[in-house]
Amino acid sequence: MHMYNCCSILVTVIFDSKSDCCIDIETVDRAIYRISPNKAAGIDGLTIEHIQYAHPSIVVILRTLFNIMLRTGHVPDSFGVDLTTPIQKFKGHKRSVTSDDFRGITICPILSKIFEHCISNFITCHTSNQQ
């Protein structure tokens, strides 16, 4: 397990408390449906299907949570907890196996993935407006 919280730094740098940016319901809804289904659950046990099939009020709740996070510049530590698993690159059996024969996949909490999709839109708009 690997822990980091670089999202908190990014949110603080890009979205200061004077900023009038906010995430709307449409942005959250688009972010939820941009994530492919049938992926492994994160360390919290949630999958995207839990969010997609939940009551529609989940979108409003997530929008409110994400906007609070943007305004305060604080991202929960659990958003930075992921699980990295080695996957073999070869098929079948091999006589001698080294670490180069594996690649890592990282499984992140689904709520942090949704948040990433939401703020990526703002980052793109923010950087293109400054040019």
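The chain exposes about 8,600 Å², and carbon and sulfur atoms supply 57% of that area; accessible areas come from the Shrake-Rupley method with a 1.4 Å probe, and for residues only the protein chains shown count as cover. This is a predicted model, in which local features need pLDDT of at least 70 and side-chain atom pairs count only at pLDDT 80 or more, while totals for chains, interfaces and linings use all residues. Residues are numbered from 1 along each chain as its sequence is written, and side-chain values use heavy atoms, with hydrogens and water left out.

**Overall layout**

- The chain holds five helices and three strands; helices (H or I, at least four residues) and strands (E, at least two) are DSSP runs numbered from the N terminus.
- Along the sequence, these elements follow the pattern β-α-α-α-α-β-β-α.
- Of the 131 residues in the chain, 33% are buried, where buried means under 20% relative accessible area, exposed means over 50%, and partly exposed lies in between (1.4 Å probe, protein chains only).
- Among contacts (heavy atoms within 4.5 Å) between residues at least 6 apart in sequence, 71% join residues at least 24 apart.

**Confidence**

- The mean pLDDT of the chain is 81, and 79% of its residues reach 70 or more; pLDDT is the predictor's confidence in each residue, from 0 to 100.

**Nonpolar core**

- A nonpolar core is a set of buried Ala, Val, Leu, Ile, Met, Phe, Trp, Tyr and Cys residues joined through side-chain atoms within 4.5 Å.
- The largest such core has 21 residues, of which Ile23, Phe66, Ile114 and Phe115 touch the most other members.
- Two or more residues of this core come from each of α2 (25-34), α3 (48-52), α4 and α5.
- Helix α5 gives the most to this core, with seven residues.
- Leaving aside neighbours within four places in sequence, Ile114 is in contact with Ala31, Ile32, Ile35, Ile48, Ile51, Leu62 and Phe66.
- In soluble globular proteins, nonpolar side chains tend to be buried together.

**Aromatic pairs**

- Rings of Phe, Tyr and Trp (its six-membered ring) pair if their centres lie within 6.5 Å; planes under 30 degrees apart count as stacked, over 60 as edge-to-face and the rest as tilted.
- By this rule there are two aromatic pairs.
- Phe66 and Phe115 form a tilted pair, 5.0 Å centre to centre with 50 degrees between the planes.
- This pair links distant parts of the chain, with Phe66 in helix α4 (residues 57-72) and Phe115 in helix α5 (residues 110-129), 49 residues apart.
- Phe66 counts as buried because its relative accessibility is 0%, and Phe115 is buried with a relative accessible area of 0%.
- Phe79 and Phe115 form an edge-to-face pair, 6.1 Å centre to centre with 65 degrees between the planes.
- This pair also links distant parts of the chain, since Phe79 lies in the loop between α4 and β2 (81-88) and Phe115 in helix α5, 36 residues apart.
- Ring pairs link Phe66, Phe79 and Phe115 into a cluster.

**Asn67**

- Asn67 is found in helix α4 and counts as buried, at 7% relative accessibility.
- The side chain of Asn67 reaches the backbone nitrogen of Ile23 at 2.6 Å.
- Not counting residues up to four places away in sequence, Asn67 touches Cys22 and Ile23.

Terms used
Polar contact = N/O pair within 3.5 Å; in protein donor to acceptor, adjacent residues only side chain to side chain.
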